[in-house]
Amino acid sequence: MNNNLLFDFTVDKSTKTVFITREFDAELPLVWDAFTKKELLDQWVAPKPWSSKTKYMNFEVGGKRFYAMVSPEGLERWAIQEYTSITPKTNFKMYNAFADENENPQLPGSDWDYKFSEQDGKTKVSITIYNESLERLEKMIEMGFKEGFTASIDNLENLLATLK
């Protein structure tokens, strides 16, 4: 694990926004695939001991990913993501909302903007998460989003090392 890679996680309550920047010791096409292909997403996106289970994913503008984070006891926490913009290998945007097992979104949700760039074989991913309400932002933080996201990103770093 390369400890010299950039990782920044900033919460701005005044704008209801989370800013995350993370470098990976992997080339851009591989990192892009890890964020956009369900078979790879399910290998890293849930903090252990939880796992990720994608019911379906259609990565295209207007397409959706419906998935659950599954606890070791079988508890499922569902979410639905709708892709609103895709520029291959550089950017995609999506709307994310918690949901029930029947795909009914629990509003409000959040808009996610992912930017990808590569320099010297390292890929930087910048994620901006804009929440529709301060209450949702605070609930995300209270639910351990920073810790869970950090653990998931560590899973991704380990996965990328095995795929390179």
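Mentor: This is a predicted model. Begin with a helix: helix 3 lies across strand 1, strand 2, strand 6, strand 7 and strand 8, and runs at about 130 degrees to strand 8.

Trainee: Which strands does helix 1 touch?

Mentor: Helix 1 packs on the sheet and touches strand 2, strand 3, strand 5, strand 6, strand 7 and strand 8. Its direction makes about 170 degrees with that of strand 7.

Trainee: How should I read the sheet itself?

Mentor: Strands of a sheet pair through backbone hydrogen bonds, either parallel or antiparallel. Here, 8 strands form an open sheet in the order 1-2-8-7-6-5-4-3, and the pairing is antiparallel.

Trainee: Which strands stand at the edges?

Mentor: Strand 1 (7-12) and strand 3 (51-57) do. Each has a single partner strand, so one side of each is left without a neighbour in the sheet. The twist from one strand to the next averages 20 degrees.

Trainee: How many bridges join strand 5 to strand 6?

Mentor: There are 9, and the two strands run antiparallel. In this pair, Trp 78 stands opposite Ala 99 of strand 6. The hairpin of strand 5 and strand 6 has 3 residues between the strands, and Lys 89 takes a positive phi near 70 degrees there.

Trainee: What joins strand 5 to strand 4?

Mentor: Strand 4 (residues 64-70) and strand 5 (residues 76-87) are antiparallel and share 7 bridges. Val 70 has Glu 76 of strand 5 as its bridge partner.

Trainee: Why is strand 6 described as largely enclosed?

Mentor: Of its 9 residues, 7 are buried, so the rest of the structure largely encloses strand 6.

Trainee: Which residues have the most contacts inside the largest nonpolar core?

Mentor: They are Phe 35, Trp 44, Tyr 114, Phe 116, Ile 127 and Phe 145, in a core of 32 residues. Among the elements that each supply at least two residues are strand 7 (105-119), strand 8 (122-131) and helix 1 (28-36). Helix 4 gives the most, with 6 residues. A second, separate core of 8 residues includes Val 70, Trp 78, Ala 97 and Ala 99.

Trainee: What does Phe 116 touch?

Mentor: Leaving out residues up to four places away in sequence, its contacts include Leu 28, Val 31, Trp 32, Phe 35 and Lys 89.

Definitions and conventions. Residues numbered from 1 in each chain as written. Predicted model: local features only at pLDDT ≥ 70, side-chain atom pairs only at ≥ 80, totals over all residues. Heavy atoms only, no water. Core = buried A, V, L, I, M, F, W, Y, C linked by side-chain atoms within 4.5 Å. Buried < 20%, exposed > 50% of the residue type's maximum accessible area, 1.4 Å probe, protein only. Helix = DSSP H or I, 4+ residues; strand = E, 2+ residues; numbered from the N terminus. Contact = heavy atoms within 4.5 Å. Pairing = 2+ DSSP bridges. Axes fitted to C-alpha atoms, helices over the stretch in contact; angles between N-to-C directions.
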